[in-house]
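I opened this notebook to record what I looked up in one structure. The entries follow the order in which I checked things.

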Amino acid sequence: MTMTPLDFSVITGLRVGGDLMPYDATTGRSAEFQRLLLGYVLRAEKEDAQYAQLLDLWKEPPKRRVEEEQMTRCFLLYMLGASLFPNRRNRVHLSFLSALRNVGEIARFDWGRIALGLWTYEVLGTYPPKTTCPDDAILPRALRLSKEYRGVKKGKAI
């Protein structure tokens with residue numbers, strides 16, 4: 001069963017509509033930044049981590065406000081990976097941490113626009129515009145799913 005943006009909004013309190021989400025592709029690369037925002041450094045591969053490990057980070061209830069915010073970010077990063085931006089590898093891109101930096105501002109971002117845009121690329125089979133950016137970690141993530149990129153990954157000529 002697919003989670004709709006309405007389902008996601010009801011569960012998380014995050015909106016569909018609002019300000020554009022800040023994005024920084026380098027955010028997840030920093031172990032110090034992960035420790036500050038999540039309370040832990042994730043076992044990451046490139047810039048993404050298995051979202052299931054986010055559930056294992058917090059075994060005890062938070063005792064301080066900073067721990068509450070870190071646990072909130074872990075939960076939301078898990079929800080983003082598992083519901084709005086799922087993939088076959090069960091991993092979430094750590095660049096989403098840039099939007100989770102200030103817990104008080106998370107709800108004002110338009111999470112639905114991003115999710116529906118990726119859904120359009122991935123499920124409906126539309127393809128994003130060509131880009132000259134050599135970094136595969138740059139959004140839109142669906143660029144890696146385009147017909148041309150699949151041919152390159154399989155060693156075929158374009």
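Entry 1. I began with a charged pair: Asp-48 and Arg-89 form a salt bridge, with their closest N and O atoms 3.8 Å apart. The term stands for a side-chain nitrogen of Lys or Arg within 4 Å of a carboxyl oxygen of Asp or Glu. The pair links distant parts of the chain, 41 residues apart: Asp-48 is in strand β2 (residues 48–50), and Arg-89 is in the loop between α4 and β3. I noted Asp-48 as buried, at 13% relative accessible area, and Arg-89 as partly exposed, at 45%. Here buried means under 20% relative accessible area, exposed over 50%, and partly exposed in between (1.4 Å probe, protein chains only).

Entry 2. I noted where the model comes from. It is a predicted model, in which local features need pLDDT of at least 70 and side-chain atom pairs count only at pLDDT 80 or more, while totals for chains, interfaces and linings use all residues. Residues are numbered from 1 along each chain as its sequence is written, and side-chain values use heavy atoms, leaving out hydrogens and water.

Entry 3. I looked up the overall layout. The protein has six helices and three strands, in the order α-α-β-β-α-α-β-α-α. Helices (H or I, at least four residues) and strands (E, at least two) are DSSP runs, numbered from the N terminus. Of its 158 residues, 35% count as buried.

Entry 4. I returned to the salt bridges, of which the structure holds nine. One of them joins Asp-19 and Arg-108 (2.7 Å, N to O). Asp-19 lies in the loop between α1 (5–12) and α2, and Arg-108 in the loop between β3 (91–93) and α5 (111–122), 89 residues apart. Arg-108 also forms a salt bridge with Glu-105, the closest N and O atoms being 3.1 Å apart.

Entry 5. Which residues of helix α2 are buried? In α2 (residues 31–38) I listed Phe-33, Gln-34, Leu-37 and Leu-38. Seen down the helix axis, they fall within an arc of 100°, so they line one face of α2; the arc is that of the directions from the axis to the C-beta atoms. The face turned away carries the exposed residues Glu-32 and Leu-36. The buried residues of α2 pack against α3 (53–56) and α4 (65–84), contact meaning heavy atoms within 4.5 Å.

Entry 6. I checked Gln-70, in helix α4. Gln-70 is buried, at 9% relative accessible area. Beyond its neighbours within four places in sequence, Gln-70 contacts residues including Leu-37, Leu-38 and Trp-58.
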